[in-house]
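The sequence and the model are shown first, and the description follows.

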Amino acid sequence: MRKIIGISFGIIMACSYSVAAQDSLDFNQKVEVRKVLNNSSDKASFTAYKYFKTRSLSSLSKFKSKPIRTDKYGGRMDKKEHATGFYYTKKIADRWWAIDPQGHLFIHNALNAVSMGSSDRNKDAFTKLYGNENQWITKTQDFLIENGFNGTGAWSNTKAIQNSPLQQTKPLAYTINLDFMSAYGDKRGGTYVVPGHKGYPNNVIFVFDPAFETFCDEAAKKLVANQNDANLFGYFSDNEMPLGIKNLDGYLTLKDQQDPGYLVAKKFIDNKGVAADKITDVDRREFLSIVADKYFSIVSKAIKKYDPNHMYLGCRFHGQQGFIAELWKSAGKYLDAISMNYYNAWTPDQALMANWTAWSGKPFIITEWYVKGDDSELGNTAGAGWVVKTQSDRGLFYQNFTLGLIESKNCIGWHWFKYMDNDPLQKGAEPSNTNANKGVIDNNYQVYQPLLEKMKALNFQMYQLADFFDQKK
């Protein structure tokens, strides 16, 4: 068995969830928080600090816990469903769960970018502490499990994880990035780098290119090798693509009027009898559904053709995509769970999260979120996360945010961004990952202990907290 967990700690549309279910008395702590403006640029600046109401384990009224045994995957052994030997999702009563390979109810609690650092400073520290990749993954895997994490998220060293000897006895549920559209765009030409993700001409993807489907099928053939791996949690097809309300405008204003995307968009407005300068948001949303359906149908078909055993987790929605019902409806037709990179919320919005599942009919997983600390002595001008004064405050944010996710009943996991800080000395770093305190460890592989203590405390209570919120009226 893995361990026994148990500690006691004193726009949109109408939805059935009552925001009043959150007990405002529990938000009795205050944390000073500020936000970076124009992040990841030479114009970055900060707002003034202001206090945000915060909820934590210690402030959660009436929460009492008793031990829950977990299996080697980290699933709760007191609740069992059909075991398939792989991860899948299921709604039980009014809560969505992931189900682990042994059939036990499971929440995927992971760190992103669990990989060796590549700056000169990272490499020097790595050599002194680990010496080689095998030593690093073995010690890192123990470190994650000892602190209540049961998996890894995007941009992790999947090869090292797959080859780790601990995957047999103390496995990490890992994910794989496929990057279908961005890889196709690199091959086709026209993509470029923007902070955090890939840029596309006019903010529209190449989904109508006839060659895209062939490209996905060919790229997915390698997934056959993963078919029998019980430890693979699922696949991401891309990251933060520009799927937005203005897609129709973007396709219609492409310079090349023989571009497949332009031709589809022009046919769409011609069939509706609408001039390009007279399109409405109703037209835009209808066309966005066509774009999303086209993309998700192609990539899901390719994934499931070559690996029918593992979950498809989507393309990591972000920003305003959380408010676009049409995207979630399209995703719900093809995905097992829907990934969302959730920034700019100190406390998750219960009504919004309820809408995600109401729109899609599927659970969601939060695949990026973090907060940075001023006491790290890093500039913290890169990336979208909040900024607080101390590592202990970072830990309070972790607890406050995850409590909201668990309370939603539709969240099957969360992936903190990320394992290691961004090193300002890193050469050629991606613009949003240059000088920020996002990690649970610093650039010398040293742990931020005040942060980790609060993470660990909640991680080992996540199943008890699910029960607590399920019983709360």
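A residue is called buried if its relative accessible area is under 20%. The model discussed here is predicted. Trp-328 has a relative accessible area of 1%, so this residue is buried. Trp-356, with a relative accessible area of 0%, is buried as well.

**Aromatic pairs**

A pair of aromatic rings is described by the distance of the centres and the angle of the planes. A search of the whole structure gives 41 aromatic pairs. Two of them are set out below.

| Pair | Centre to centre | Angle between planes | Arrangement |
|---|---|---|---|
| Phe-52 and Trp-346 | 5.6 Å | 85 degrees | edge-to-face |
| Trp-328 and Trp-356 | 4.9 Å | 5 degrees | stacked |

The pair of Trp-328 and Trp-356 links helix α9 (residues 325–334) to helix α10, and its members are 28 residues apart.

**The loop between β18 and α10**

Pro-348 is found in the loop between β18 (338–341) and α10 (350–360). Its relative accessibility is 3%, so Pro-348 counts as buried. Pro-348 and Leu-405 are 57 residues apart in sequence, and their C-alpha atoms are 6.8 Å apart in space.

**Charges over rings**

The charged end of Lys-35 is placed over the ring of Trp-386, 4.8 Å from the ring's centre. Arg-394 lies over the face of Tyr-448, 5.7 Å from the ring centre.

Definitions and conventions
Residues are numbered from 1 along each chain as its sequence is written. This is a predicted model: local features need pLDDT of at least 70, side-chain atom pairs count only at pLDDT 80 or more; totals for chains, interfaces and linings use all residues. Side-chain values use heavy atoms; hydrogens and water are left out. Helices (H or I, at least four residues) and strands (E, at least two) are DSSP runs, numbered from the N terminus. Buried means under 20% relative accessible area, exposed over 50%, partly exposed in between (1.4 Å probe, protein chains only). Rings of Phe, Tyr and Trp (its six-membered ring) pair if their centres lie within 6.5 Å; planes under 30 degrees apart count as stacked, over 60 as edge-to-face and the rest as tilted. A charge sits over a ring if NZ of Lys or CZ of Arg is within 6 Å of the ring centre and within 35 degrees of the ring normal.
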